[in-house]
Amino acid sequence: MAEGVHQALKALAVFDGETWQERWQASGSNSGSTPLLDAVEDKSAAYYSLNAGLGRLFAMRVVQPSLAAFRSYRFNKYAASFEQVSDDPQLHEYFRRLQDPTIPPSRRNLARSDLAVALTVFGIDIAEMTPEALLHYSVASRQLGASRGSRGRDGCYAAIGVWPVLYEMGIFPASAPKTLRAAVVKGQRSIPELVDRYPIRNAAVRELLINYIQRRAVSLDYSSVNGLTVSLAKHFWQAIEAISPDQEDLRLDEATVTEWKRRAATRPDGTPRKDLERELLSVRALYLDLQSWAVAEPARWGHWAVPCPIRDADLRWAKVLRKRVKERMDGRTRELQPILPLLVDHVTERWHWHRELLKAASARGRGEEFELHGRTWKRLISARNATWYQSRHAPVRVQNCLTGEIIAITNQENLAFWRWALIETLRLSGVRCEELVELTHLSVRNYRRPNGEVVALLVISPSKTDRERVVPMSAELFHVIAQVIRRHIDQHGTVPVCARYDLLEKVWSPELPYLFQGGHAGSRRALSATTINRTINKAVADLAKTQPKLEGITFSPHDFRRLFATEVVNSGLPIHIGAKLLGHMNIQTTRGYVAVFDEDVVTHYQQFLDRRRELRPQDEYRDPTTEEWADFQEHFDKRRVELGSCGRPYGTPCAHEHACVRCPMLSIDPKMLPRLDELEDDLLDRRRRAVEEHWRGEIEGIDLTLTFLRSKRHQARRAINLGLPTIRQSRKGADGR
């Protein structure tokens, strides 16, 4: 090591400067290049000795590199060397806390390295580290692409594991966020900040929109305020300025309004905008509110009271559009309903399979083989992590002896469990996704009925409607919730208390024992709606590997709510009780969720058929003779004609003397469409000849034949366009609450 330090100092001595730091900067190394190492002709022992010597100089604070410069080198066990040289009691305490057996070696080593690098590039001791400095280091590492997952995956900030340890040690003040994620998120923006995301040239209109949204925000939540800002600032006024840059006020001419409506009807990618009604209503509300407020406060709002560009005719089709939305929702529900049992069986089987494999592997020692599920497996424990793997928190890895595939079975079993728990809870309770993430250990209650029966209840916290409700748990739902609680207790002794970040409201919730939570970089937090959606669709994609017909199918958390509503209502539960379970204030909202398969209609029709069969002579239900059956089959053979097939009933002759084009019973084969074109050309030639020869009777007959021919062709082409009913491949068009 001393030789490497001497070699590094010798390499720096050739540059100008009174101190080693000045010579380091004069060498140009702080730019992120490695001129000192590049001077070595090949990667010989001298090369690696010089590299190690530079690391020692960094640790001894002889040279203070920039972050880019430090990341240009690769040092072996730099954190241990830095701790030894620093000999700081607080740094020793930090490293001691990282020896927690619940922290995997990879995460532990990353937390050690991140702090050592941060202290080195800042030239400070651990006691001088501030939240602002560590946040700067984390963001800068991400920008350099030097942090794990820096290409966009979750956890792409460096020092995630450092932050909570420094907070617990008291180095960070109590007022600081407890985790790096809490420090990174921006939280709620002010209304001027929301509006200024979309540059508006007209300062007066910008100020008007800010004042208007601030007044409306009193009765709206943050996500609604954000949506209103997008509608008015981006989709309305920014678009108006693109059409008419010199527009001075809200009084719009007809040409500008027409062009704006045309642009608003389509998205940037050219597809029709399905939420156009919402945009129009937001703009209409702006104009009508200003007119109303101008009466009470003319000095403030009178200047902006102008005719509304959104006429009643623009919203005339709103009811029809809502029907189309309902049809899409119902169609999606009907398509997903037969898939749901397949998905439930799949996630249940996968969890049980992984659980059995984990249980069998946990009972084996290092390198021991065992048989399970008709395969031979081997428990893997690396020599490097042998000590840590003796901990009960250590993950288990197994290898398939036949294929050589290595499975991190602890991780896979955990993922399989949460997929099962999320899907089962959503489908059995009908809760919204934002309500699911708010479920806590305190949400589970017991209720004793007057007859002594104890009923398990699930208390849904106020969410979308700000009204708490209670859902009686079925035995299946209670089993799922009990499994979730039992897993937390087995792993942590209790349901851990953690925070939750509301993605819609952009705020952190109080720390509570959330049921659906997970670990992340040494800390725990409640699952987000994004994570839940991603987890569900990973399960669907996994199922599609064995069910190719489901390729491209997706489930949203809200789909389970619609399926739940459909099932309970179709099972005979009164719809007003279903509305209570779903938390709907209006029963019509529940009707909008239900894709009813009218069982009464089906039942009564089946009873009608049964009664009609009873009235028919019994001899009509005898088995047909060989001759009768042959005659029956021959009938269908004779129905085949040049252009397609005839639909006349069995036992009836051709009533139109084989004038097939005119016959309403003819069904055109799409492959014969070119033949229809040939017949049409022939008929047109005949008609021209008939006109020349004044054959009026012939003209009338040809015109009639042409009418039937064109009608048949239109029907055939329409059948081609309709195609066969299939499962829709894209789910992006589904709307709903």
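Guide: Start with the surface: Lys186, Arg189, Arg197, Lys234 and Lys506 gather there in a patch of positive charge. This is a predicted model, where local features need pLDDT of at least 70, side-chain atom pairs count only at pLDDT 80 or more, and totals for chains, interfaces and linings use all residues. Residues are numbered from 1 along each chain as its sequence is written, and side-chain values use heavy atoms, leaving out hydrogens and water.

Visitor: What makes residues a patch?

Guide: Patch members have over 30% relative accessible area and no salt bridge; like charges are joined within 9 Å, and nonpolar side chains (Val, Leu, Ile, Met, Phe, Trp, Tyr) within 5 Å. Lys and Arg count as positive.

Visitor: Why does Arg189 count as partly exposed?

Guide: Its relative accessibility is 30%. Buried means under 20%, exposed over 50%, and partly exposed in between (1.4 Å probe, protein chains only). So Arg189 counts as partly exposed. Arg189 is found in the loop between α11 (180–184) and α12 (191–195). Helices are DSSP runs (H or I, at least four residues), numbered from the N terminus.

Visitor: How many aromatic pairs does a search of the whole structure find?

Guide: The search finds 25. Rings of Phe, Tyr and Trp (its six-membered ring) pair if their centres lie within 6.5 Å; planes under 30 degrees apart are stacked, over 60 edge-to-face, the rest tilted.

Visitor: Why is the pair of Trp24 and Phe58 called edge-to-face?

Guide: The ring centres are 5.4 Å apart and the planes stand at 85°, so the pair is edge-to-face. Trp24 lies in helix α2 (residues 20–26) and Phe58 in helix α4 (residues 45–59), so the pair ties together parts 34 residues apart in sequence. Trp24 and Phe58 are both buried.

Visitor: What makes Arg487 and Glu413 a salt bridge?

Guide: A salt bridge needs a side-chain nitrogen of Lys or Arg within 4 Å of a carboxyl oxygen of Asp or Glu. Arg487 and Glu413 meet at 2.5 Å, N to O. The pair links helix α22 (residues 475–492) with helix α20 (residues 409–429), its members being 74 residues apart.

Visitor: Is Glu424 buried or exposed?

Guide: Glu424 has 8% relative accessibility, so it counts as buried. Glu424 forms a salt bridge with Arg427, with the closest N and O atoms 2.5 Å apart. Arg427, at 22%, counts as partly exposed. Being three residues apart in helix α20, Glu424 and Arg427 are separated by about one helical turn.

Technical notes. Accessible areas come from the Shrake-Rupley method with a 1.4 Å probe; for residues, only the protein chains shown count as cover. The place of a charge is taken as NZ of Lys, CZ of Arg, CG of Asp or CD of Glu. Helices (H or I, at least four residues) and strands (E, at least two) are DSSP runs, numbered from the N terminus.
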